[in-house]
Structure formats: structure tokens, C-alpha cells
Amino acid sequence: MVMSGIEGTKLKPKTTAMICIVLYVIFIAACGNKTAENTDEKTYTYSEYPFERNGYEIHLDCMISDNVTAEDNILLVHGLTYSSHEFDVNYKDYSLVRFLCDRGYAVWRIDITGYGQSEEIENGFIVDSRYASEDISVAIDKILSITGADDIDLLGWSWGTVTSTLAEAVRHDVIDKFVMYAPIITGLGAADITENHHINSWEHAASDFQMNEDGTVNLEITESCIVDTYCSNCWRYDGLTSPNGGRRDLCVDEDVELIDLSAIKDKTLVICGDADTCLNMTMIKSSLDKLPEGSELVVIGGGAHCIMMERPYYQEFREKLVSFLRD
């Protein structure tokens, strides 16, 4: 999702494509075998269920474990700039999707209109937080129709907490548990967003991770193959541009509330790291005062925005997540 480099860096498409191919080949040579070695012979079934809204085809997919019966459904909602592949960085045991599959979930992911594998939209300002929440609501209906389930768990990450909260407000009757991972409760600071699409770059994607003072990724926190897999997938699925409607929503004064916590009706987990520079930690630490009874707050010391992929913290993140979902 990352907020650094709001205006992005303009790159020539042909140059970008060549860099992407070269780096991806290097990455595969370095990490490909390790990924295969760490599957632990687990297999998964992946299915796609695209649907149309407002004339645009929206990507919806589902993964289940072939070794564990899927008893529950959960929908994961991505953040700003990059799409739902973020949840399935398939290196060692880091994939959140596969982790949840192994614990009995059918794991659903949506690419909001204009993102990832969903159809491109010419005016990226159209895809603001409200528009994205309506995509989520339609996806929930489709999932319940396909599965015959009565309810579903919902997890939003970063900007996905803003969009998911708006969806929860109107769909709380069919949402069981709600997870706000790294919630953007207030504005990130005023900025003039003039382009309706964000210009993506490898460096921008990498800046989602904790950085050293010299601007390099802190590889003591995040393994290099995680960074390479993540950034390669950003190029593969998200390409050169992403809609900017959500960025325009978030880049407002820091005292502007983007999430109305008192409007949430379902039992909620708020989970994040205390080193996440995108968050208003004061608001987060007081969030339980406004959330429904039975809600939980987990702040993991040292973790940041990509805590689900950070070597010292990802296991604690998952343990807290599953404990809440299964409570």
C-alpha cells in the first residue's frame, strides 16, 4: 500500500519492462528452488470467479487446501497501489493465504476495479474508497451465493481497512468477524493528487518494507527473497499504473477521520505493528473504546506495515489473527 513517493517516478514503459524481465529472471534463479523446496508437499486448489460491476470485470479468486477441509470463508481486501497478490507471497511459509487455508479456510481475494487482474479503468479517480467498498459488497454476495454460507469473515489491510469498514457498515448482517490490519484511521497528510493514476515503480513497491537509513530494505527484518517476490508480483499483476482515487481520499489532513469506528457492528480485531509510520497510533490505541464488545487490539512491538511478511513478527501476527478468528 505504502504512502512514500505519492506522485511516483515516471519511467519509460519499454525501459521498465526490460528492467522487470531482467530482475525477475535473476530473482527466479536465486529464489525459485527455495520456494519449491518449502512447499512441504502441501497442495492447493485455486479457482477464479470474475464478476462484472458497472461494466468492468472484477477479479475474485479462492484458494483452498487439498489436505484440509474448508469449513469457513474469509475475504482479504488489499491496500492502495498494489493488489491482492500481496497476501500470497509464496516463499517458505510466508503466504498468509496458504496459512489460512491450512487452518480450514476457503480464502477469497478481490482485486478492486482497476487493480491487478481486474479490468483497467480510464479515470482512476472514480475508484475511491466508497466505490471500492461497493466492489467488496458485491463480492461478498457472490461468495455467499457460490458457497451457500450464511456469513463470512472479512480482513482489510491498510487502505483496505477504509474500504472494508464502509462495506461492513452495510453488510454487517453477513459478516462474522472483522479484521482491521494496519488501519488508516486518519488522514496521512494533505497532498495535491492531480494524476488519476499512480505511476508505479520497483522502488516504490520495495518501500513498503522497513528501510535502513541509507534507503535500502532492512534484510534483518524482511528476507531478500520476500522483497524480490513481492516486487516481481507488483510488476506482474499491477504493471505501470494503479488508480489514484483511494490515494486522494487518504492524502488529507491528519486530523481528518477516515474510519468511523463507532459505526462498526461486528466483533473486530485491530492488529498492527508499533513501527508502522503510516498509522495514527494514538487513535489505534484508543480504538477499543468505540468498537463492539468482544473486540481486540493487538500492537506488535517492532512490526511495521508489512508485518505479515516480516521475519521476526509474522508468526506472532498469524497466531493473534487465528486466535481471534477461531475464538
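# Briefing: helices, loops and buried spots

Let's start in a loop: K92 sits in the one between β4 and α2. Helices (DSSP H or I runs of at least four residues) and strands (E runs of at least two) are numbered from the N terminus. This is a predicted model, where local features need pLDDT of at least 70 and side-chain atom pairs count only at pLDDT 80 or more, while totals for chains, interfaces and linings use all residues. Residues are numbered from 1 along each chain as its sequence is written, and side-chain values use heavy atoms, with hydrogens and water left out.

**The chain as a whole**

- The protein chain has nine helices and eleven strands.
- It has 327 residues, and 55% of them count as buried. Here buried means under 20% relative accessible area, exposed means over 50%, and partly exposed is in between, using a 1.4 Å probe and protein chains only.
- Take the contacts in the chain with a separation of 6 or more: 79% of them link residues 24 or more positions apart. A contact means heavy atoms within 4.5 Å.

- K92 has a positive phi near 50°, and it is a residue other than glycine.
- With a relative accessible area of 33%, K92 is partly exposed.
- T81 also belongs to the loop between β4 and α2 (96-101).
- T81 isn't a glycine either, yet its phi is positive, at about 80°.
- T81 counts as buried, at 1% relative accessibility.

**Helix α4, tucked in**

- The expected span is 1.5 Å times one less than the number of residues.
- Ten of the 13 residues of α4 are buried, so the rest of the structure largely encloses this helix.
- Those buried residues are W159, G160, T161, V162, T163, S164, T165, A167, E168 and R171.

**How α3 and α4 cross**

- Two packed helices are described by the angle between their axes and the distance between the axes.
- For α3 and α4, the axes come within 8 Å and cross at roughly 60°. Axes are lines fitted to C-alpha atoms, for helices over the stretch in contact, with angles from 0 to 180 degrees between N-to-C directions.
- α3 and α4 are therefore oblique to each other. Angles under 35 degrees count as roughly parallel, over 145 as roughly antiparallel, 65 to 115 as roughly perpendicular, and the rest as oblique.
- On the α3 side, the residues that meet α4 are S129, R130, A132, S133, I136, S137, I140 and D141, and their partners in α4 are W159, V162, T163, S164, L166, A167 and R171.
- By class, that contact brings together seven nonpolar, five polar and three charged residues. Nonpolar covers Ala, Val, Leu, Ile, Met, Phe, Trp, Tyr, Cys and Pro; charged covers Asp, Glu, Lys and Arg; the others, Gly among them, are polar.

**Helix α6**

- α6 (residues 224-238) has 15 residues and runs 21 Å from its first C-alpha to its last, close to the 21 Å expected at 1.5 Å a residue.
- This helix is mostly covered, with eleven of its 15 residues buried.
- Among the buried ones are C225, C231, C234, Y230 and W235.
- Just after α6 comes G239, with a positive phi of about 65°.

- L75 lies in strand β4 and counts as buried, at 0% relative accessibility.
- L75 and R109 are 34 residues apart along the chain, but their C-alpha atoms are separated by 5.6 Å.
- Leaving aside neighbours within four places in sequence, L75 is in contact with residues including L60, W108, I136, I140 and L154.
- N244 has its place in the loop between β9 (241-243) and α7, and it is buried, with a relative accessible area of 2%.
- Not counting residues up to four places away in sequence, N244 touches G124, F125, I193, E195, N196, H197 and H198.
- G302 lies in the loop between β11 (296-300) and α9 (314-326).
- G302 and D274 are 28 residues apart in sequence and 5.9 Å apart in space, C-alpha to C-alpha.
- G302 touches Q210, D274, A275, E310 and Y313, again not counting residues up to four places away in sequence.
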